[in-house]
Amino acid sequence: EMSEMSERSKQNVAHGLAWSYYVGYLKIVLPRLKKSMEEFSSANPNLLACRKTWKLHILIPLSCDVYDDLEKADSNIQYLTDLTETTLPRAGTKRRVYKHSLYAIRDEENQLWHCAVEYATPLQSLYAMSQDECAAFSREERLEQAKLFYRTLEEILKGSKECAGTYRLIAYEESGEAETHFLSREILWHLRQQHHEEFPVHEGTPPHTPSTTLDSAELNLQISVSDLPHSLRSDGF
């Protein structure tokens with residue numbers, strides 16, 4: 001009965017995608033990330049000066065709108081290079097390659113901030129399902145699934161000792177208005193937070209305040225048009 005109820009409500013979709021993403025990808029790559037960052041920083045000491053940002057910044061748009069090219073999503077985001085790749089035998093593939101891309105994020109004062117960033121790829125599946133008649137996903141159901149995916153992934157990663165301190169979840173919902181640099185501002189907010197954690201702000205310096213925030217504990221899976229989230233923050237610890 002519980003299985004049938006879960007299937008009818010589609011609650012098992014996001015839960016399964018989150019676990020698959022963790023077991024099949026994040027649990028493999030995140031424990032190796034710091035070593036790749038260390039190697040890159042040794043060769044380029046000025047680009048990754050803040051060790052707190054030596055994480056994989058995972059973008060989770062609740063709209064499930066994922067760009068294959070981040071530079072097209074926001075012109076203030078520029079590809080820099082790839083970190084050292086990891087090659088492992090995986091499910092019959094002799095040399096499965098895993099790698100992450102480093103980007104330079106330009107702020108309002110033309111200063112460049114560097115970090116490894118990518119989308120949570122399972123969101124592409126959620127979006128595709130909402131476009132497929134067989135899956136019968138409405139926009140509201142897709143948003144509910146995206147929220148459930150985020151909360152499930154957050155809980156999984158919080159309980160993972162191997163991945164501790166190697167990631168930062170950036171969950172957000174874009175505003176209805178077209179904002180050219182919305183995504184870069186979201187990423188910059190998180191980079192600044194981490195930078196301040198490592199290099200405390202001098203007393204008297206006003207802290208950066210994001211336009212809208214919503215803690216994940218307040219995230220309600222019951223969707224209504226008048227009560228949609230705007231921006232979610234997760235420190236990745």
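1. Keep in mind that this is a predicted model. I'd start with the largest pocket: α2 (11-43), β4 (93-98), β5 (101-106) and β6 (112-119) each give at least two residues to its lining. β6 contributes the largest share, three residues.

2. The volume of the largest pocket comes out at about 450 Å³. Its lining has 18 residues, with Y25, K99, E118, Y119 and T121 nearest the centre. Sorted by class, that lining is nine nonpolar, five polar and four charged residues.

3. K99 turns up again in a salt bridge with D82 (3.4 Å, N to O). This pair links distant parts of the chain, since K99 is in the loop between β4 and β5 and D82 is in strand β2 (residues 77-82), 17 residues apart. K99 counts as partly exposed at 44% relative accessibility, and D82 does too at 25%.

4. The salt bridge count is five. One of them joins E162 and K27 (3.9 Å, N to O). E162 is in the loop between α5 (139-158) and β7 (167-172) and K27 is in helix α2, so the pair ties together parts 135 residues apart in sequence.

5. Have a look at R192 and E108 as well, which meet at 3.0 Å, N to O, in a salt bridge. R192 is buried at 14% relative accessible area, whereas E108 is exposed at 56%. D107 joins these two in a network of salt bridges.

6. Last, H57 in strand β1 (residues 56-61). H57 is buried, at 0% relative accessibility, and its side chain reaches the backbone oxygen of K55 at 3.3 Å. Its contacts include E118, one of the residues nearest the pocket centre.

Methods: Residues numbered from 1 in each chain as written. Predicted model: local features only at pLDDT ≥ 70, side-chain atom pairs only at ≥ 80, totals over all residues. Heavy atoms only, no water. Helix = DSSP H or I, 4+ residues; strand = E, 2+ residues; numbered from the N terminus. Buried < 20%, exposed > 50% of the residue type's maximum accessible area, 1.4 Å probe, protein only. Polar contact = N/O pair within 3.5 Å; in protein donor to acceptor, adjacent residues only side chain to side chain. Contact = heavy atoms within 4.5 Å. 1 Å grid on protein atoms, 1.4 Å probe; cavity = no way out; pocket = protein on both sides within 12 Å on 5 of 7 lines; lining within 4 Å. Points joined across faces, edges and corners; volume = space filled by probe spheres on them. Nonpolar A, V, L, I, M, F, W, Y, C, P; charged D, E, K, R; others polar. Salt bridge = Lys/Arg side-chain N within 4 Å of Asp/Glu carboxyl O. Lists of a residue's contacts leave out its neighbours within four places in sequence.
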